[in-house]
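Please consult the sequence and the structure shown below while reading.

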Amino acid sequence: MEPGTVQNLNLLLQFGLPLALILFAYFIGSMLEKRHFRSIGAREDALHGFPVTTFRNLPQNWQVGQAELVTGNVVVSLDYFKRIIAGLRGLIGGRVKTYEPLLDRARREAVLRMVESAKSRGFDAVVNVRLDTSRLANSRGNGEGTAGVEMLAFGTALKLDGR
Amino acid sequence: MDLGTLQGITLSNIETVPGRTIVEFYGVVTGNTVRAKHIGRDLMAGLKNIVGGELKGYTELLQDSRLEATERMVEQARSMGANAVINVRFATSSIAQGAAELFAYGTAVRVE
């Protein structure tokens, strides 16, 4: 083999591989994100008309039969490409657009899971919905390793008499 | 996760159990659990971390842990003679690398 070819191969391994990984992560990541947003949209439409509120006081005319706590949670992480973009954003500051859709869809997913769990158990409404966001620690001490963000939605599900 | 009525104790995150009357207060009850991720789950999550999106292993882990924390809280409420825990709150804190504390607290009461 000529020395030039070996050098080229080395170059390819050093830069090509991470680049391929970034591109792979970008395409698969955005594809999954689009699909998830479609699924969220469809499920939110299906739950249209199911009362979900952040009030703690109930409307006067509600006759409550049974009450129970319901929860929904989801842990998400950013893809490789977006993490790099967010890292670069950190240098100049400003709006980190790559994080916004991730947190948005995670939160909506958590709410959907909570509401779906309430509906499947025969409840008619969910009141006093609270949302919590917490960051999970990295699995390795140097700040590397898997980390995620958990979204938790919880509220009180109600069975209403006369419904 | 079926948190709703754990072993006959009604939970709610409002100051009342809607549709019922509170007859007695027993005070604050708490329950916690500290969990570390296990290596198999972490490996899968590490792979999933490349493309992003939901880390199902962690979602389930936290769900189970929260259920356990809630069960401990309910156990405490039962030992006091309560039949409901109202105004339930949850908290999560990362206390060490790879480990998290899940914490549930509320007010134990007796309702009619």
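Strand β1 (residues 64–77) of chain A is joined to β4(B) by 2 bridges, and the two run antiparallel. Helices (H or I, at least four residues) and strands (E, at least two) are DSSP runs, numbered from the N terminus. The model is predicted: local features need pLDDT of at least 70, side-chain atom pairs count only at pLDDT 80 or more, and totals for chains, interfaces and linings use all residues. Residues are numbered from 1 along each chain as its sequence is written, while chains are lettered from A and ligands numbered from 1 in the order in which they are written.

Within the pairing, V76(A) stands opposite E54(B) in β4(B). The open sheet consists of 4 strands in the order β2(A)-β3(A)-β1(A)-β4(B), with antiparallel pairing; two strands pair if DSSP finds at least two bridges between them. Its edge strands, each pairing on one side only, are β2 (125–135) of chain A and β4 of chain B.

In the table, contact means C-beta atoms, placed from the backbone, within 7 Å; axes are lines fitted to C-alpha atoms, for helices over the stretch in contact, and angles run from 0 to 180 degrees between N-to-C directions.

| Helix | Strands | Angle to β1(A) |
|---|---|---|
| α3(A) | β1, β2 and β3 (149–160) of chain A | about 150° |
| α2(B) | β1 and β3 of chain A, β4 of chain B | about 140° |

## Helix α3 of chain A

The 22 residues of α3(A) (residues 99–120) should span 32 Å at 1.5 Å a residue, which agrees with the 31 Å between its end C-alpha atoms; the expected span is 1.5 Å times one less than the number of residues. Among its buried residues are L102(A), A106(A) and V111(A), where buried means 20 or more other C-beta atoms within 10 Å of a residue's own, with C-beta atoms placed from the backbone. After the helix comes G122(A), whose phi is positive, near 85°.

## The interface and chain A as a whole

In total, 36 residues of chain B are in contact with 45 residues of chain A. On the chain B side, α1(B) gives the most, with 6 residues.

Chain A contains 3 helices and 3 strands, in the sequence pattern α-β-α-α-β-β. Its C-alpha atoms fill a box of roughly 85 × 30 × 30 Å along the principal axes. Of its 163 residues, 31% are buried.

Definitions and conventions: Two residues are in contact if their C-beta atoms, placed from the backbone, lie within 7 Å. A residue is buried if 20 or more other C-beta atoms lie within 10 Å of its own, exposed if 12 or fewer, and partly exposed in between; C-beta atoms are placed from the backbone.
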